[in-house]
Amino acid sequence: MRVLFQSREGLFTSPGGDTVQILKTKEYLERLGVKVDISLELEPNLKDYNIIHLFNLTTPEEIYPQLMNAKNQNKKVALSTIYVIYTEFERKARGGIAQIIFNLLSPYTIQYLKSLIKTLKYRNFNKGRMYILTRGYYNILKEITKNVDLFLPNSEGEMDNVKRDFNLKTPNYITIPNAVDHELFDYEKTIVNEAKQYEGCVLCVGRIEGRKSQLNVVRAMKGLPFKLVIIGKPAPNQMKYYNKVKKESGDNVVFIEQLSHEKLNQYYKVAKVNILASWMETTGLVSLEAAVMNCNIVITKKGHTEEYFKDYAFYCEPDNVDSIRNAILNAYNSPFNENFKSYILNNFIWEKTAENTFKGYKSILNTGNY
């Protein structure tokens with residue numbers, strides 16, 4: 001079986017959780033004998049592929065023309081939805097005149113306006129962006145959902161949102177939870193070198209941007225007797241926010257430029273708490289990784305995190321500094337629950353992700369000869 005993964009143009013230049021999901025799914029599918037390539041082109045030649053696997057419904061600028069290209073070449077299409085709409089953040093925490101305007105607009109009109117601004121700002125008039133500008137953001141998402149052969153959401157809650165928002169009655173889908181690389185994130189085998197100085201820290205891993213709420217995390221950490229280590233680069237259009245986070249940071253805050261995925265394990269190992277106080281998360285991959293490294297996690301309730309982490313996590317509200325601070329303190333002062341680690345390793349590993357994805361592929365090819 002040959003599969004082509006396709007996604008957003010900034011997949012590697014502005015990496016995020018979807019980047020990890022794509023690379024790890026590829027790695028573990030290939031262990032099953034599936035040949036996987038990655039292309040960020042809009043209209044590549046697909047003659048060598050059985051399945052086109054798209055990622056990230058909320059970046060239709062790329063995946064709509066990729067989808068149409070696949071259908072024009074009579075290919076089956078799977079979609080990992082990664083469906084995240086940050087309307088609450090836009091209306092409550094965006095700041096400035098944009099926040100005032102966004103409170104007057106519907107969620108998809110907000111997304112349309114943001115797409116328009118980006119198109120004009122970066123003068124990127126590719127085919128996908130022109131489809132959105134002429135036909136509307138929601139209409140393009142609706143068209144995508146009508147033409148997908150198999151949905152691969154990260155959670156049941158995510159698929160419920162897709163069904164509700166696009167009026168899908170009986171979509172063909174398999175829930176494929178995000179996962180952790182238990183070979184890389186192995187507490188016993190991880191050797192700590194460069195991270196030794198951060199023993200007992202609070203860790204925050206991810207792109208630095210308003211919707212991840214690092215500013216409120218910094219504010220919550222003021223006066224606390226332990227170090228906050230922030231690992232990540234600012235998002236390309238978030239330098240103003242990044243500078244504000246740095247300006248408000250006290251002496252107990254350390255910034256580290258984005259590390260390779262292979263180096264994160266030692267930082268998780270020395271940390272006492274990992275925090276992800278986002279306005280929305282489908283999962284929060286770093287929370288899975290931190291937890292299998294014996295780290296208590298503080299995470300947002302917004303999104304589908306409770307479906308993964310149940311009562312094992314410490315939850316906070318991204319716009320409430322006291323909520324974040326209290327969750328950090330509760331997590332820091334609590335022993336790590338080994339049952340949490342076992343629960344993750346039994347349910348959320350890339351081997352299972354790949355196996356279930358492979359089953360999904362075979363189901364839409366109508367053949368068992370793979």
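In the predicted model, the axes of helices α7 and α8 cross at roughly 115 degrees and come within 10 Å of each other. This crossing is left-handed. On the α7 side the contact involves Tyr138, Leu141, Lys142 and Thr145, which meet Val162, Asp165 and Phe166 of α8. Sorted by class, the contact of α7 with α8 comprises four nonpolar residues, one polar residue and two charged residues.

Helix α7 spans residues 137–147, and its buried residues are Tyr137, Ile140, Leu141, Ile144 and Thr145. These residues lie on the same side of α7, because the arc they cover around the axis is only 135 degrees. The elements that cover the buried residues of α7 include the helices α2, α5, α6 (127–135) and α8, together with the strands β4 and β5 (150–151).

Helix α2, one of the elements covering α7, is itself mostly covered, with 11 of its 13 residues buried. The buried set consists of Pro60, Glu61, Glu62, Ile63, Tyr64, Pro65, Gln66, Leu67, Met68, Asn69 and Ala70. The length of α2 (residues 60–72) agrees with expectation, because 13 residues at 1.5 Å a residue should span 18 Å and the end C-alpha atoms are 17 Å apart. Asn74, which follows α2, has a positive phi, near 60 degrees.

Helix α5 (residues 107–122), which also takes part in covering α7, contains Lys114. Lys114 has a relative accessible area of 17% and is therefore buried, the cut-off being under 20%. With neighbours within four places in sequence left aside, Lys114 is in contact with Glu90, Arg94 and Phe102.

The crossing of α9 and α14 is right-handed. Helix α9 contributes Asn216, Val217, Arg219, Ala220 and Met221 to the contact, and α14 contributes Val321, Ile324, Arg325 and Ile328. By class, six residues in the contact of α9 with α14 are nonpolar, one is polar and two are charged.

For α14, the 12 residues at 1.5 Å a residue should span 16 Å, and the separation of the end C-alpha atoms, 16 Å, agrees with this. Ser323, Ile324, Ala327, Ile328, Ala331 and Tyr332 are buried in α14. Because they cover an arc of only 160 degrees around the axis, these residues are placed on the same side of α14. The buried residues of α14 pack against helix α9 and against the strands β6 (202–205), β9 (273–276), β10 (296–300) and β11 (314–316). Ile324 and Ile328 are among the buried residues of α14 and also belong to the contact with α9.

Two loop residues other than glycine have a positive phi. Ile82, for which phi is about 40 degrees although the residue is not a glycine, is placed in the loop between β4 (76–80) and α3 (87–92). Its relative accessibility is 10%, so Ile82 counts as buried. Lys310, likewise not a glycine, has a positive phi of about 45 degrees. Lys310 is located in the loop between α13 (305–309) and β11. The relative accessibility of Lys310 is 43%, and this residue therefore counts as partly exposed, a class that lies between the limits of 20% and 50%.

Thr190 is situated in the loop between α8 (156–166) and β6. With a relative accessible area of 6%, Thr190 is buried. Residues up to four places away in sequence not being counted, Thr190 touches Leu184, Asn265, Gln266, Lys269 and Met293. For Thr190 and Met293, which are 103 residues apart along the chain, the C-alpha atoms are separated by 9.1 Å.

Methods
Residues numbered from 1 in each chain as written. Predicted model: local features only at pLDDT ≥ 70, side-chain atom pairs only at ≥ 80, totals over all residues. Heavy atoms only, no water. Left-handed = near helix turned anticlockwise from the far one by under 90°. Helix = DSSP H or I, 4+ residues; strand = E, 2+ residues; numbered from the N terminus. Contact = heavy atoms within 4.5 Å. Nonpolar A, V, L, I, M, F, W, Y, C, P; charged D, E, K, R; others polar. Expected span 1.5 Å × (residues − 1). Buried < 20%, exposed > 50% of the residue type's maximum accessible area, 1.4 Å probe, protein only. Arc of directions from axis to C-beta. Axes fitted to C-alpha atoms, helices over the stretch in contact; angles between N-to-C directions.
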